[in-house]
Amino acid sequence: MPDNVIKSSPATLQDGAAKADGKLSLTESEVIFVPFNEGFGLGPYRFKRSEITSVVKCLGKGGGIIPITTEAFRVTLSNALHYEFIVADNEAWIAALAEKVNS
């Protein structure tokens, strides 16, 4: 049985210059990103919260280089992969994700 969703919002996944708009969800055990256009190749992504080693603010960038927003955060996993998301109220997302990292 899937976990209940704790937090969910529209988000943009940023991978260098490539971006995908979609929905970011947080459950008790997982983080899930489902792009609106799965054919684009950026997602869906799903990873365990227990794999997260850090959650920090980052900049959302246009073209992968020009800072366009401070409402973004980077999640780094234990396997050194990282994901960057642009969301409204990134501090609330960081706090919710860091809750498990710091416990």
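**Salt bridges, core and surface of the predicted model**

The side chains of Glu 91 and Lys 57 form a salt bridge, with an N to O distance of 2.7 Å. This pair connects distant parts of the chain, as Glu 91 belongs to helix 1 and Lys 57 to strand 5, 34 residues apart. Glu 91 is partly exposed, at 48% relative accessibility, and Lys 57 is also partly exposed, at 49%. The structure is a predicted model, with an average pLDDT of 90 over the chain and 94% of the residues scoring at least 70. Confidence is lowest in helix 1, where the mean is 87, and highest in strand 3, at 96.

The count of salt bridges is four. One of them joins Glu 30 and Arg 46, at 3.0 Å from N to O. Glu 30 lies in strand 3 and Arg 46 in strand 4, so this pair ties together parts that are 16 residues apart in sequence. Glu 30 has a relative accessibility of 15% and counts as buried, whereas Arg 46, at 56%, counts as exposed. Another salt bridge is formed by Arg 74 and Glu 84, whose closest N and O atoms are 2.5 Å apart. Arg 74 is in strand 6 and Glu 84 in strand 7, so the pair links parts ten residues apart in sequence. Arg 74 is partly exposed at 25% relative accessibility, while Glu 84 is buried at 10%. Through shared partners, salt bridges join Glu 30, Arg 46 and Lys 48 into one network.

The largest nonpolar core comprises 21 residues, and those with the most contacts inside it are Leu 24, Ile 52, Phe 73, Val 75, Phe 85 and Leu 97. Two or more residues each are contributed by strands 1, 2, 3, 5, 6 and 7 and by helix 1. Helix 1 supplies the largest share, four residues. Phe 85 touches residues including Leu 24, Phe 33, Phe 73 and Val 75, and its contacts also include Thr 12 and Glu 71.

Leu 42 is located in the loop between strand 3 and strand 4. Leu 42 counts as buried because its relative accessibility is 7%, under the 20% limit. Among the residues touched by Leu 42 are Leu 13, Ala 18, Ala 20, Phe 33 and Pro 35. The C-alpha atoms of Leu 42 and Gln 14 are separated by 8.9 Å, although the two residues are 28 residues apart along the chain.

On the surface, Ile 65, Ile 66 and Ile 68 form a nonpolar patch with about 350 Å² of accessible area together. Ile 68 lies in strand 6 and counts as exposed, at 57% relative accessibility.

Definitions and conventions:
Residues are numbered from 1 along each chain as its sequence is written. This is a predicted model: local features need pLDDT of at least 70, side-chain atom pairs count only at pLDDT 80 or more; totals for chains, interfaces and linings use all residues. Side-chain values use heavy atoms; hydrogens and water are left out. Patches are made of residues with over 30% relative accessible area and no salt bridge: like charges are joined within 9 Å, nonpolar side chains (Val, Leu, Ile, Met, Phe, Trp, Tyr) within 5 Å. Accessible areas come from the Shrake-Rupley method with a 1.4 Å probe; for residues, only the protein chains shown count as cover. Buried means under 20% relative accessible area, exposed over 50%, partly exposed in between (1.4 Å probe, protein chains only). A nonpolar core is a set of buried Ala, Val, Leu, Ile, Met, Phe, Trp, Tyr and Cys residues joined through side-chain atoms within 4.5 Å. Contact means heavy atoms within 4.5 Å. pLDDT is the predictor's confidence in each residue, from 0 to 100. Lists of a residue's contacts leave out its neighbours within four places in sequence.
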